[in-house]
Amino acid sequence: MRYNTDMSEFRFFQPLAIRYGDLDPQGHVNNAGYVTYLEHARVAYIQALDLWDGKSFLDVGFIIARLDINYQAPILLTDQARVGVRISRLGEKSLDMEYQIENPDTGLIYAQATTVLVGYDYQEQKTISLSETWRAKVAAYERIPRRTP
């Protein structure tokens with residue numbers, strides 16, 4: 001099992017409630033539950049940065065193009081967990097979001113993941129450039145250059 005020795009790489013953390021319904025017959029969180037935890041943390045992150053008011057999904061402005069998860073340890077019903085979230089790359093039409101599901105008390109890493117999000121207009125059903133508002137807020141919060149390849 002891998003332990004997190006440097007939690008400072010993430011500035012945003014979303015606490016998780018492990019629910020009985022998240023468990024599979026083996027008694028640990030089902031692999032699909034991890035994806036739901038990432039989604040929950042991603043939405044909390046964009047709302048915390050005031051990038052979406054949560055009223056209309058069509059106004060989110062991106063779509064998931066890729067998801068990679070590295071499962072490292074099982075999460076049990078009695079475990080404490082949180083998701084660290086950060087944006088590590090801002091492109092013209094896409095960005096990379098990184099996640100770490102961990103135990104906040106012990107530093108045990110349950111999983112690490114990345115998603116590639118692409119700017120998307122749901123009305124027109126086409127990709128779009130990331131908005132300058134998003135770029136400015138993310139760059140300021142994450143302390144990354146406004147445009148990275």
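Q: What is the place of Asp22?
A: Asp22 is in the loop between strand E1 (12-16) and H1. Helices (H or I, at least four residues) and strands (E, at least two) are DSSP runs, numbered from the N terminus. This is a predicted model, in which local features need pLDDT of at least 70 and side-chain atom pairs count only at pLDDT 80 or more, while totals for chains, interfaces and linings use all residues. Residues are numbered from 1 along each chain as its sequence is written, and side-chain values use heavy atoms, with hydrogens and water left out.

Q: What makes the approach of the side chains of Asp22 and Tyr37 a polar contact?
A: A polar contact is a pair of N or O atoms within 3.5 Å; within protein, one must be able to donate a hydrogen and the other to accept it, and residues adjacent in sequence count only if both atoms are side-chain atoms. The two side chains make such a contact at 2.6 Å.

Q: Which residues does Asp22 touch, not counting residues up to four places away in sequence?
A: Asp22 touches Ala17, His28, Val29, Asn30 and Tyr37. Contact here means heavy atoms within 4.5 Å.

**Other salt bridges**

Q: How many salt bridges does the structure hold?
A: The structure holds eight salt bridges. One of them joins the side chains of Arg82 and Glu102 at 2.8 Å, N to O. Arg82 lies in strand E3 and Glu102 in strand E4, so this pair ties together parts that are 20 residues apart in sequence.

Q: Why are Arg82 and Glu102 called buried?
A: Arg82 has a relative accessible area of 18% and therefore counts as buried. Glu102, at 0%, is likewise buried.

Q: How do you know that Glu132 and Arg135 are separated by about one helical turn?
A: Glu132 and Arg135 are three residues apart in helix H2, which means a separation of about one helical turn. An α-helix has 3.6 residues a turn, so residues three or four places apart point the same way. The side chains of Glu132 and Arg135 meet in a salt bridge at 3.4 Å, N to O. Glu92, Glu132 and Arg135 are linked in a network of salt bridges.

Q: Are Glu132 and Arg135 buried or partly exposed?
A: Glu132, at 39%, is partly exposed. Arg135, at 0%, is buried.

**The buried side of H2**

Q: How do you know that the buried residues of H2 are on the same side?
A: In helix H2 (residues 132-142), Trp134, Arg135, Val138, Ala139 and Glu142 are buried. They cover an arc of only 115° around the axis, which puts them on the same side of H2. The arc is that of the directions from the helix axis to the C-beta atoms. These buried residues pack against helix H1 (31-48), strand E2 (62-71), strand E3 (81-90) and strand E4 (94-102).

**Exposed loop residues**

Q: Why is Asp50 called exposed?
A: Asp50 has a relative accessible area of 55%, and so it counts as exposed. Asp50 is found in the loop between H1 and E2. Its phi is positive, about 60°, although Asp50 is not a glycine.

Q: Why is Gln125 called exposed?
A: Gln125 has a relative accessibility of 61% and therefore counts as exposed. Gln125 is in the loop between E5 and strand E6 (126-127). Gln125 has a positive phi of about 55°, although it is not a glycine.

Methods
Buried < 20%, exposed > 50% of the residue type's maximum accessible area, 1.4 Å probe, protein only. Salt bridge = Lys/Arg side-chain N within 4 Å of Asp/Glu carboxyl O.
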